[in-house]
Amino acid sequence: MRAADPDVKSSKNQQIPRLPEQTPQEKIALYRTMLLIRRFEEKSKQAFTQGKIKGFCHLYNGQEAVAVGTISVLNEDDAVITAYRDHGHALARGVDPNACMAELFGKITGCSRGKGGSMHFFDAKKHFYGGHGIVGGQIPLGTGIAFAQKYLDTNRVTLAYMGDGAINQGAVHEAMNLAALWKLPIIYIIENNEWSMGTSISRSSAGDPLTKRAGAFDMAAIQANGMDLDDVRAKTFEAVSLARTESQPTLMEIKTYRYFGHSMSDPGNYRKKEEIEERRKGDPIELYKARLIEGKIATAESLEAIDAEVTEIAQESYDFAEKSAEPEIETVFEDIFAPEDQIFEFRPEPRY
Amino acid sequence: MPTLTYREALNEALAEEMERDDKVFLMGEEVGEYNGAYKVSKGLLEKFGPKRVIDSPISETGFTGLGIGAAMYGLRPVIEYMTWSFSLVAYDQIINNAAQVRYMSGGQFSIPLVLRGSSGGGLQVGATHSHTPENWYANVPALTVITPAFPADAKGLLKSAIRSNNPVCFIENEKLYGYKDEVPEGEHLTPIGKARVVTEGSDFTIVSNSGSVHRALNVVKTLEAQGIRAELIDLRTIKPLDFETIAASVSKTNRLLIVEENKPFAGWGAQVAYEVQKELFDDLDAPVHRVTSLDVPQPYNGRLEQAVLPNEERILATVKELLA
């Protein structure tokens with residue numbers, strides 16, 4: 001396995017399986033998912049501005065190739081867990097866009113029944129373990145999921161995402177130590193968009209690259225270009241293979257960039273417009289589109305048709321969310337406790 | 001019925017539940033090769049092997065979160081804190097993850113998790129190691145909080161907690177590990193959420209929990225010699241609170257004393273006092289009285305610490321006020 005830093009351990013396994021060749025249809029499907037996320041987020045932005053989405057709303061625009069590329073090399077029953085900028089991961093994992101938008105609108109049809117909101121998407125059927133609001137707090141959870149995957153001999157793996165800001169949380173380091181110590185099948189993915197809210201990485205994190213943090217735990221580490229879907233896929237595939245075949249964790253740093261503020265409440269005055277414009281020139285969707293056209297995998301027209309299709313899906317999700325019912329007040333008391341089946345039910349009705 | 005220590009009763013519960021269900025595992029500092037800082041897990045590594053009895057690094061945030069994630073995936077982790085005082089390092093994981101994930105996922109993910117360990121003062125281990133944490137956790141919706149006072153309940157409640165499909169804070173008491181009493185063999189499940197009347201009486205009611213039950217019991221015995229009969233209730237479970245048992249007793253005795261080792265501000269004792277005045281106002285012949293630890297950090301010095309704890313002298317003095 002490629003190491004991002006000479007101090008970082010490489011895999012001893014010389015027989016890393018190769019990333020399977022994709023069919024044109026598969027490539028086009030990934031383009032479609034990236035574009036779906038882009039159009040969905042544009043719709044979210046509009047809905048937030050209209051006051052239909054409340055609270056916090058962290059958009060994923062610019063980072064689409066990370067979620068789509070990494071998740072594209074997973075099996076359906078592998079686990080995904082992420083932080084609060086979670087719309088892209090949910091959609092890439094196949095969570096229904098209607099359920100996602102309805103969650104943003106706080107409706108009962110939402111993927112968390114309107115109880116989670118933007119930061120707390122969940123979908124058990126899609127092995128999507130959330131959507132977590134506390135920076136770095138999801139990383140020990142992901143580590144526990146990987147622990148359970150190994151304990152139960154599932155041969156499954158976990159992808160646990162965090163932003164570059166999370167890498168300075170103690171929880172992340174504690175979790176990485178446990179994963180390296182106990183050889184857990186997990187890939188820690190830092191989506192390095194260079195800004196932890198309004199603080200640039202140079203003002204927040206000592207040591208470059210961030211993959212160096214893996215060195216202390218003797219953990220494999222790898223960097224990827226988050227603007228290049230194929231690079232993300234290739235590097236993630238190496239890490240996933242290491243997890244699946246050797247039950248070894250990897251720390252990935254994927255360089256990316258977000259186009260909008262930290263959340264919709266953030267005007268982003270800490271960075272210049274020119275910086276964003278410059279970075280948009282390396283847009284991951286445009287880059288991939290050009291590659292598909294150059295490779296004669298798709299025509300500009302067929303990709304236009306896909307754009308029309310996903311734009312329609314985003315609009316439909318908006319319409320669905322708007323039409324959906326508000327949760328009944330009674331639901332506030334639901335979903336607190338799992339029903340008991342091994343001991344008798346001991347909880348009275350909520351009474352405080 | 002065999003006589004076991006509180007520690008042995010807990011050990012029996014763990015062993016029986018691990019035997020019964022492969023998904024139960026024990027993780028924490030020194031639980032394996034060292035046999036547990038308080039020997040609660042003695043012999044379990046030998047019996048169940050390192051896959052299921054796992055020595056963790058000193059990393060409460062990490063292994064608590066790992067336990068929660070494993071529970072989300074369907075395992076039934078038992079996470080040991082050497083003392084609950086150290087759970088503060090993992091507070092975010094317990095509050096924001098263990099307690100919230102089910103709700104904020106719209107009920108999709110359950111957390112069948114037991115967090116357990118020692119707690120309490122009286123052993124001169126100073127301010128950072130003497131906390132009584134039940135109020136911190138009882139304040140959080142979705143957490144069940146259990147504080148056994150006797151070996152039989154330690155066993156029966158731990159078995160019930162492990163079988164619960166929800167997160168349980170199981171708070172043991174360091175001073176009780178060596179306490180001996182009769183414990184039923186084998187399948188013994190104490191119901192969660194049910195208090196126990198330890199002594200029956202008609203003059204006044206004492207509601208207490210954990211180590212304070214034993215302080216209160218000594219006082220009850222002293223008063224008995226003076227012809228005063230107290231009804232002592234051991235809450236056993238702090239949340240959900242068994243108000244029915246409290247209400248039945250207070251309706252009979254018309255006087256209530258609360259004895260708890262917690263610091264006084266905003267704890268379960270205050271909640272009980274609130275509910276009693278709300279529901280039983282006309283039954284009360286005196287204001288509800290309360291003996292708690294003093295509102296100061298825990299001092300090291302033994303004389304000072306005894307003054308801070310809800311000692312028998314203060315309990316007796318308060319009983320006098322209550323009965324005046």
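This is a predicted model: local features need pLDDT of at least 70, side-chain atom pairs count only at pLDDT 80 or more; totals for chains, interfaces and linings use all residues.
## Where the two chains meet

Let's start with the contact between the chains. On one side, 52 residues of chain A take part, and they touch 56 residues of chain B. Interface size is often quoted as the accessible area that is lost when the parts come together. Here the area buried between chain A and chain B comes to about 4,400 Å², and carbon and sulfur atoms give 63% of that.

What about polar pairs? If you go looking for salt bridges across the interface of chain A and chain B, the rule finds zero. It does find 25 residue pairs in polar contact across that interface, counting pairs with both residues at pLDDT 80 or more. On the chain A side, the elements that give two or more residues are helix 5 (138-151) and helix 6 (170-181). Helix 5 of chain A gives the most, with nine residues. Sorted by class, the side of chain A that touches chain B has 28 nonpolar, 12 polar and 12 charged residues.

## Strand 13 of chain B

Now for chain B itself. In a regular strand, side chains alternate between the two faces of the sheet. Strand 13 of chain B, residues 256-259, is covered on both faces. Leu256(B) and Ile258(B) are buried on one side, while Leu257(B) and Val259(B) are buried on the other.

Strand 13 of chain B has parallel partners to talk about. Strand 10 (residues 204-208) of chain B pairs with strand 13 in the parallel sense, over four bridges. Within that part of the picture, Ser208(B) has Val259(B) of strand 13 as its bridge partner. Strand 14 (residues 289-291) of chain B also runs parallel to strand 13, and three bridges join the two. In strand 14 of chain B, Arg290(B) is the residue that stands opposite Ile258(B).

## A buried glutamate

Is Glu17(B) buried or exposed? This residue sits in helix 1 (residues 6-20) of chain B. Glu17(B) counts as buried because its relative accessibility is 0%, and the cut-off for buried is under 20%.

Terms used
Residues are numbered from 1 along each chain as its sequence is written. Chains are lettered from A and ligands numbered from 1 in the order in which they are written. Side-chain values use heavy atoms; hydrogens and water are left out. Contact means heavy atoms within 4.5 Å. Buried area is the accessible area (1.4 Å probe) that two parts lose on being put together, summed over both. A salt bridge is a side-chain nitrogen of Lys or Arg within 4 Å of a carboxyl oxygen of Asp or Glu. A polar contact is a pair of N or O atoms within 3.5 Å; within protein, one must be able to donate a hydrogen and the other to accept it, and residues adjacent in sequence count only if both atoms are side-chain atoms. Ala, Val, Leu, Ile, Met, Phe, Trp, Tyr, Cys and Pro count as nonpolar, Asp, Glu, Lys and Arg as charged, and the others, Gly among them, as polar. Buried means under 20% relative accessible area, exposed over 50%, partly exposed in between (1.4 Å probe, protein chains only). Two strands pair if DSSP finds at least two bridges between them.
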